[in-house]
Amino acid sequence: MTVEISASEGGIPHNNFLGIGLVGSVVCLYLAYLNVFTGMDVFSVFGGIAAVFALWWGTDTIKNLCSYGLGTGVPSAGMLAFGSGVIAMLLATRLEIISPLVIPVGAVVIAAILGAIIGIVADKIVNMHIPVMVKALTEMAIVGALTLLGLTAMASGSFVFSELVAGTALINVGGTMIELPSFAASALGGCVLATLFMLGAIALQHPFNACLGPNESQDRTQMLALECGFLSMIPVAVISFVFISSGAALIGFLVSVIGWAYTYMEFIKLSKRDAYMWLDGKPILEKGGE
Amino acid sequence: MESLLVGIGITAIAGSLAAVAGAAEDTESDIGSQGDPNSQVQLAPQMGYINRIYNKAISGEPPAYALWCAMGAGIAWALMAININAILAIVIGSALAVFVQGIYCTTAYLGRVSSLAKFEQPVYIDIIKSVTTVTMAHAFVAIFTCVAMCHLMIVALGHPFPLPLLGIVWGLALGAAGSATGNPYYGKERQYQKYKFGAGLPISASGDIVRYAEAGQRSSLDNGWFTSKLAGPASGICFGLIVFLELWRTVLFESIAGGWGAVIAGVVLILIFMVIDRYVESWARNTYGPYTSTEEASS
Amino acid sequence: MSALGGGGGGEGMDPVGLGIGLVVALLSVVIVYILAPTTAVFALIGVIIGGALIGFGIHFVPVGGAPAAMGQSPGIATGVAMLATGAGLAGLFGGAWAAELGFGVALAGGAIGGGLMMAITCLMVNVVYVYGMGIPAASGKVDKDPITGDTFPAYKSQGTEGHGLPFISYVGGVIGGMFGGLGGTLIYLELLEVYKETLPQILSAGAEDVIPIAVGLAGIFAVGMFLVNAVLSAYNITGTIEGPHDPKFRRFPRAVIACAIASAVCGMVAIMLVAM
């Protein structure tokens, strides 16, 4: 006897999620790049919104993939997405040598190639034989790469490699504290990417994993995806205090908290709508009365 | 010599922090039912057994704890980078990680149980109100000790990895060790307490978890009391030994034979554990003996 | 069972897919050979071997999944990918620490770290089953332990498929941990070498200064690649496996090839990071 991993049919078609998620995420990444044009860093918060778009899209992809019965759990799909996504994203940040503006689109392309290859390997060699495997893993790699680009941009103000390795640390030089450049205090040197990686990986698989069941409904699952996205932005906003100005970090923090609070309240409302009964301090209601 | 003493001292502290982390991690994942045993809580309404257990389906324990510890470590690293005191940074990092964990717990319960409406499982809001904070408290202990241990490894023992990366590494290992050791005890002994001791659960009994228990209708809070007597300490010993022996064999023996001393020490340790395991296995076979008659293991 | 079986079906691999995969892997090596410094090709070969070792090692680890948590099937009650990743990363911790002492020592340290974690974990699992639950270890797939000769049918509770960790599963777990730690550490060390060599030029900094970046990059790449390989192997195992004596173990060639190809492409991307 095993738990049935079931999900709802119908609703908004998956390709709508793909279109809106992909375009929205890339546009927000370019908005985050306004940091460079304006010389301020208040636009870092758009990196977080890009991540929310990508996670919202990726949730429907995971639902699509896991409804076929993978044999393993849902979390491994999230790990696969981000494992391939982080590799693609890091290469994409180096595309600055062509032009920094290429980076978001470059990340999509590299992640798509990587995801497609891993999908072919999983489908044909490991013999998963799931019809949507290649497409789903391609999408998930792109989602992983875009989420990581977005969260990195939110944390450090930029997704360009040369800026990700630049950091300053207060070092005691002869009694006075001087700010000196230090690789160890940079975003890549301190491997903040590790935290962002796990934040995204759990946020990607949680909505479907937490909402699966016979009464799963698409709008509730997607609302939870938005909530997980904004929730992930909160610790990133705290980390961003190191790399961007306090004002910009504070704006990011406020946007994350407000966005999270709203989507959380909406999710609770939708859960109340879908639940069999909403009881407070009542005993077990055995089936068939009593 | 002095650096060796400091090394051994730090190893001992790290080992004890790891033991506490392991125990707290396992108790937390039993109070808020998580991981493989939770599949039974998910299955129960399907089989007609309505329950008041906290169906916390976040993911398995390893990735979940990798996230909490990486978050705690990342925020602590960031706060230390703006020159906040290390201990305060780790406390704040762990607190924020616990906040995120608590939210994930509530959305997991609401999401899963709302989707079980077809099987007439109600959503009990008082479960969220009473159990979530207890889960968060245990998680805080686990995260704080784990991140503190990682910080000590970097600062005092000179490990090259930065704090967030060590947070993932040891968070995942913590979840894996605690999950492996504690899950069967919670899953079989506590969830299926009414079935006879000393045998595995027959497949026909899947889903028939205990719902009416010693303190009235069972709440997940009661699970902590039970599992902290054996599964929690066992997980603590497991993870504590892993961290302690990993550090101990390096600190003491790495200077011998250009590093190969630590490797040989590790091989010897593995062989010792293999012998102990063989002893435990034979003891069980000789003391318990084979299953004799064909009586069912259910009451 | 033949490794290159006919198209489709549960056993064997799809020849078209295999062909595409091998071409892709070869292409990755060629691209690296052309665009990157010469030593990078050897690094890529090392990464491929590391990925293959991870894929191979995971099939040794005894995982029982959800039924094991109720004493219904033998093995450890955690997911395959995550348990193996936990052991592999614990090994990576040891290997990274010993990196400056030499290549061989670091690899051995990584392998032993992973093996030690699995040894302790498997022992404590058995302790909980025996002393906490009163259940002896018994396998469901074989009647006799290949190593110790213990017989299992009489020690298997009725209605279950076995429980606990028989000695063969224990040994399998330790071996799996060792291969996982070895593979992960190999990937990390190879990438670290490439980055230490090339980053000073890219960042216009001294060799000592770039070490944090090299370690951070190599570390997160190792974690990412470990997860990709672990999940691919978990897909191959489809959930649970008792250890090397399980018939499912004979599926490992598929996973080894799959992980090698995936690691080739991921390794190429990781090396292109500094080759551009």
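Colleague: How many salt bridges are there between chain A and chain B?

Modeller: Keep in mind that this is a predicted model. To find a salt bridge, look for a Lys or Arg side-chain nitrogen within 4 Å of a carboxyl oxygen of Asp or Glu. Between chain A and chain B the count is two. One of them joins the side chains of Asp280(A) and Lys129(B), at 2.9 Å from N to O.

Colleague: Which elements of chain A give two or more residues to the side that touches chain B?

Modeller: Here they are α4 (75-93), α8 (192-211), α9 (218-240), α10 (246-274) and β3 (278-279) of chain A. The most comes from α8(A), which gives 13 residues.

Colleague: And by class, what residues does that side of chain A have?

Modeller: Sort them into nonpolar, polar and charged. You get 41 nonpolar, 14 polar and nine charged residues on the side of chain A that touches chain B.

Colleague: How many residues does each chain bring to the contact, then?

Modeller: Chain A brings 64 residues and chain B brings 62. Together the two chains bury about 5,200 Å², with 67% of that on carbon and sulfur atoms. There are also 25 residue pairs in polar contact between the chains, both residues at pLDDT 80 or more.

Colleague: What about strands: in which sense do β3(A) and β1 of chain B pair, parallel or antiparallel?

Modeller: For strand pairing, look for at least two bridges. In this model β3(A) and β1 (residues 123-124) of chain B run in the parallel sense, over two bridges. To find the spot, go to Leu279(A), which stands opposite Tyr124(B) in β1(B).

Notes
Residues are numbered from 1 along each chain as its sequence is written. Chains are lettered from A and ligands numbered from 1 in the order in which they are written. This is a predicted model: local features need pLDDT of at least 70, side-chain atom pairs count only at pLDDT 80 or more; totals for chains, interfaces and linings use all residues. Side-chain values use heavy atoms; hydrogens and water are left out. Contact means heavy atoms within 4.5 Å. Buried area is the accessible area (1.4 Å probe) that two parts lose on being put together, summed over both. A polar contact is a pair of N or O atoms within 3.5 Å; within protein, one must be able to donate a hydrogen and the other to accept it, and residues adjacent in sequence count only if both atoms are side-chain atoms. Helices (H or I, at least four residues) and strands (E, at least two) are DSSP runs, numbered from the N terminus.
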